[in-house]
Amino acid sequence: MSQHDDIGQQPGSVEDVVPGAMVGEQAAQDSALRLVLASPLYRGATIALFLAGLGQSAAAPQIALFLTKELGGSLTTAGLFYLTSLTAPVAGYLVGARSDRTGGRLGLFRACAVAGFLGWAGIACATQLWMPFVISAVILGFAGGAASQIFAAIHDELSVRPGVAGDGVVSVVRMALTAGWIVGPSAGAILAARFGLRPMLFATALCALVQLVPLGVLRTPSKPAPAGPSPKTVRPDAPLRTKVRTMRPLLLFTALYVFVYAGEPVKYAYLPIYMTERLHFPSGFEGAIIGIQPLVELVLMPFAVLAARRIGMMRLMVVAAGFGVAANICFATTGSAPGLFAGQILMGGVWGVFAALGIIMAQRLLPSAVATASAIFMSSTALSSALGGSVGGLGVAVVGLPHVFLIPAAFALIAVIGLSLMDRSTRKSQASSSDPPSDQNRA
């Protein structure tokens, strides 16, 4: 069997299968979708993440309008609101670290979901401009930990009941979050137009609270006892230097993911303006170009798992980051509808891979603290939004449209190089560990 026949045949590498997984004939026939439908945890997690994506994506396009129209803020002030998400990585780390110490995945998920309800309900009721900023920075930062706790609970369950379909289960559950983000913006716009911005934000709060229903009173899956010492174990009482060294691969991977994702705020901020003001596309045509990416992403996510089993997970991510380079070059240079469609299809390929496999890779880079790994990785989108938004704003003032898209192309190129080096290092360490001992060692 070659090293690419399954995702990770080498124990201890970033390409490992779920710890303790045993690949047998019966496990090979497992259907990920069938497993999700049969398991109360997987099924409930899928519905909960759909509701989370629905609520978040409904509010995201409307929050700036709420700050300016309802609370009298300026456009500049509304733009600064997105910087409040910079607290999310810190809050996510705190939630994840506590989860790994106590093992209470679903209990912390419920606490984070309630925080999401309180945060969005508080914003919906805000009467002063400063209130949404404080609420978002303090309360919604912790609300973002809900999804990471779900994925940590799924990891624990897969570890107890391993099978070759484990990666497919994670991919199916993750697809629900993407599906929520497809439906949410339109639903939010309809609610805001029909009932107003405050009721729409309160509907987002309800989506956060209703996440509790599909998981009901399920208890956190029991964590399997470790088979042996792991070189990546994070002890709660370990020195900070040791913790950072242990988490270094995860932090590097997350930083490279930030560079890949940084193009998204640039694209959503300036591609519609470019199509409307420079290319004079009709609104329906513009919507078709914007909307094709999430559809491509949703279709490709199941195939990403299959492709990763053949060529390796990290190598596939290198290819996906390369798609990001090509997509942004299309935005910057083509100036035509076919070129922009091609760019969006390529971006669908980027997120079809990273959305399906990113959380799996993060957990495997820190297998002894999967809740911490999940929280750090999923909080990285906040850093990406801040990076892309600030650099894009400065870049468009300097180089203008459409050349501003060359900046995220450069970010994606950095990610290609970094992920390639990580993949090369991993394969080199695997090769050295599988080499037969020398004559001196045998003696």
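This is a predicted model: local features need pLDDT of at least 70, side-chain atom pairs count only at pLDDT 80 or more; totals for chains, interfaces and linings use all residues.

Biologist: Thanks! How many helices and strands are there in the protein?

Modeller: The protein has 20 helices and 0 strands. Helices (H or I, at least four residues) and strands (E, at least two) are DSSP runs, numbered from the N terminus.

Biologist: And what share of the residues counts as buried?

Modeller: Of the 443 residues, 51% are buried. Buried means under 20% relative accessible area, exposed over 50%, and partly exposed in between (1.4 Å probe, protein chains only). The protein exposes about 19,900 Å², and carbon and sulfur atoms supply 67% of that; the areas come from the Shrake-Rupley method with a 1.4 Å probe, and for residues only the protein chains shown count as cover.

Biologist: What about contacts between residues at least 6 apart in sequence?

Modeller: Among those, 82% join residues at least 24 apart. Contact here means heavy atoms within 4.5 Å.

Biologist: Let's pick a helix. What does α7 reach from its first C-alpha to its last?

Modeller: Helix α7, residues 105-124, reaches 29 Å with its 20 residues, close to the 28 Å expected at 1.5 Å a residue. The expected span is 1.5 Å times one less than the number of residues.

Biologist: Why call α7 largely enclosed?

Modeller: Because 14 of its 20 residues are buried, α7 is largely enclosed by the rest of the structure.

Biologist: What does A124 touch?

Modeller: A124 is found in α7 and is buried, at 5% relative accessibility. Leaving out residues up to four places away in sequence, A124 touches F66, R198, L201 and F202. The C-alpha atoms of A124 and T204 are 9.3 Å apart, although 80 residues separate them along the chain.

Biologist: Switching to rings. How many aromatic pairs does the structure hold?

Modeller: The structure holds 11 aromatic pairs. Rings of Phe, Tyr and Trp (its six-membered ring) pair if their centres lie within 6.5 Å; planes under 30 degrees apart count as stacked, over 60 as edge-to-face and the rest as tilted. One of the pairs is F253 with F377, which is stacked at 5.8 Å centre to centre and 10 degrees between the planes. F253 lies in helix α13 (residues 240-261) and F377 in helix α18 (residues 370-398), so the pair ties together parts that are 124 residues apart in sequence.

Biologist: Are F253 and F377 buried or exposed?

Modeller: F253 is buried, and F377 is buried too. The rings of Y257 and Y261 have centres 6.0 Å apart and planes at 35 degrees, so that pair is tilted. Both tyrosines lie in α13, 4 residues apart, about one turn of the helix. Y257 is buried at 6% relative accessible area, whereas Y261 is partly exposed at 22%.

Biologist: Which residues do ring pairs link into a cluster?

Modeller: The cluster links F253, Y257, Y261, W351, F354 and F377.

Biologist: And the nonpolar core? Which members touch the most others?

Modeller: In the largest nonpolar core, with 83 residues, I154, M317, F354, L357, F405 and L419 touch the most other members. A nonpolar core is a set of buried Ala, Val, Leu, Ile, Met, Phe, Trp, Tyr and Cys residues joined through side-chain atoms within 4.5 Å. Helix α17 (residues 337-365) gives this core its largest share, 15 residues. A second, separate core has 23 residues, among them A59, I63, F133 and L140.

Biologist: Last topic: the backbone. Which peptide bond is cis, with omega near 5 degrees?

Modeller: That is the bond from L401 to P402, and P402 is found in the loop between α18 and α19 (406-434). H280 has a phi near 55 degrees, a positive value in a residue other than glycine. H280 is found in the loop between α14 (263-278) and α15 (283-311), and is exposed at 61% relative accessibility.

Methods. Residues are numbered from 1 along each chain as its sequence is written. Side-chain values use heavy atoms; hydrogens and water are left out.
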